[in-house]
Amino acid sequence: MSLFEQLTELIAQQTSRLAPLTLTVPNPTTSIFQVSKLIDHLTTTPVHQVYLPYLRFGALHAVRVTTVWAGMIKGRKGKVGLLQDLFGYLVMAWGGSTVVSLLLGQPPTWLVSPTPWLIYPPTYLLLVPTGLSPYFIKTCPAIIFTLVTAYEDGISRSTTISALPTLIGASTNGLGTNANLWTYVLLSALAVTSGGIFVSLFGLNEDSWKIGVPGVLKGGVLGTLDAWGASLVGITYLALTRHTDSISPFSDVLDTILPQDVKHDSAKGVVSPAHGRAIGALLFGTLLAIRGIVVLWKGRRTSVPKVSKKTELLITEEKESVVKSPVQVRPDGKRATPRKSPRPSKPKTQ
């Protein structure tokens, strides 16, 4: 067995342990059950029982944010300090949860628990300053990186959005009793986009910080997909779990569309919360994958300039270089001006 085959077999074995998924798809709804099983595995299993007793979901999110951050800082012209760069990374990772916690009258997790500090800064030090994340982005095929990270983001964001009803119900500022559909729409968008908004607003990924315009405010369907996609997934999750009566018509539509084997008989809603979270992950991941493919396609088109007939003629003329004779020295010691040789004449056609 060659070294490549050994490495492939080792990676397959480790992947089956960390993400126990099967590749057999007997019916179209199998992916929902598999994603639901994967999310449950990530949110309940630690990285290591003894040495790293932290959930794999947090570690996976920390690694993903390093790739996002490495892509944002690759255009820097100068070198910044380690603490400055780490601060921007943490804002990118914790911005959404911090904003939502403050709006709900609850302290952010990083303020009351040391667990985030034991996961995110070490992951940053391991992957960003060492150049591993930039190297991975540079060497990984663009289409594979786009598709894998799209569905990874879909899983992490859908998990965050599905936790909002519980967080709103436990809020200490009375928002739980006054929450409506608009509350979930806004909080879903803020939970997903706040980190990126703060980074672009204050230029935390630049050499020197400055006030700028967040990318989500520049408009466009693709540019605002993170915001409206999060709101759409939030509404879909509420409809699937029948969390509010105001969205009952949408719940009835989904109840008609979804196959019977996805529905949970004992669930209050159309499906169980775990399956609703998985459907949201697939929906968000598909939207992000479509955006990534469109961006790659546009980038490939713009990188190849169109050449008109006039441009081809100019390029052909520039390629016809003028041949100069060797420099000759006159008897008085001065160099003679080289003579230009005539261009080769084109053969006359009969």
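Student: Is Asp 255 buried, partly exposed or exposed in this structure?

Tutor: The model is a predicted one, and the relative accessibility of Asp 255 is 28%. A residue is buried under 20% and exposed over 50%. Because 28% falls in between, Asp 255 counts as partly exposed.

Student: With which residue does Asp 255 form a salt bridge in which the closest N and O atoms are 3.7 Å apart?

Tutor: A salt bridge needs a side-chain nitrogen of Lys or Arg within 4 Å of a carboxyl oxygen of Asp or Glu. Asp 255 supplies the oxygen, and at 3.7 Å the pair meets this cut-off because the nitrogen belongs to an arginine. The partner is Arg 242.

Student: How many residues apart in sequence are the parts that Asp 255 and Arg 242 tie together?

Tutor: Asp 255 lies in helix H13, which covers residues 248-257. Arg 242 lies in the loop between H12 and H13, and its relative accessibility of 22% makes it partly exposed. The pair therefore ties together parts separated in sequence by 13 residues.

Student: Which residues are linked with Arg 242 in a network of salt bridges?

Tutor: Asp 255 belongs to this network. Two further residues, an aspartate and a lysine, are linked with this pair. Besides Arg 242, the members are Asp 252, Asp 255 and Lys 263.

Student: Which residue forms a salt bridge with Arg 291?

Tutor: The closest N and O atoms of this pair are 3.3 Å apart. Arg 291 is in helix H14 (residues 273-303), and its partner is in helix H12 (residues 225-241), so the bridge links distant parts of the chain, 65 residues apart.

Student: Are Asp 153 and Arg 64 buried or exposed?

Tutor: Their side chains meet in a salt bridge, with 2.9 Å from N to O. Asp 153 belongs to helix H8 (residues 142-162) and Arg 64 to helix H3 (residues 56-72), 89 residues apart. The relative accessibility is 10% for Asp 153 and 13% for Arg 64. Because buried means under 20%, Asp 153 and Arg 64 each count as buried.

Student: How many salt bridges does a search of the whole structure find?

Tutor: The protein in which they occur has 15 helices and zero strands. For the whole structure, the number of salt bridges found is seven.

Terms used
Residues numbered from 1 in each chain as written. Predicted model: local features only at pLDDT ≥ 70, side-chain atom pairs only at ≥ 80, totals over all residues. Heavy atoms only, no water. Helix = DSSP H or I, 4+ residues; strand = E, 2+ residues; numbered from the N terminus. Buried < 20%, exposed > 50% of the residue type's maximum accessible area, 1.4 Å probe, protein only.
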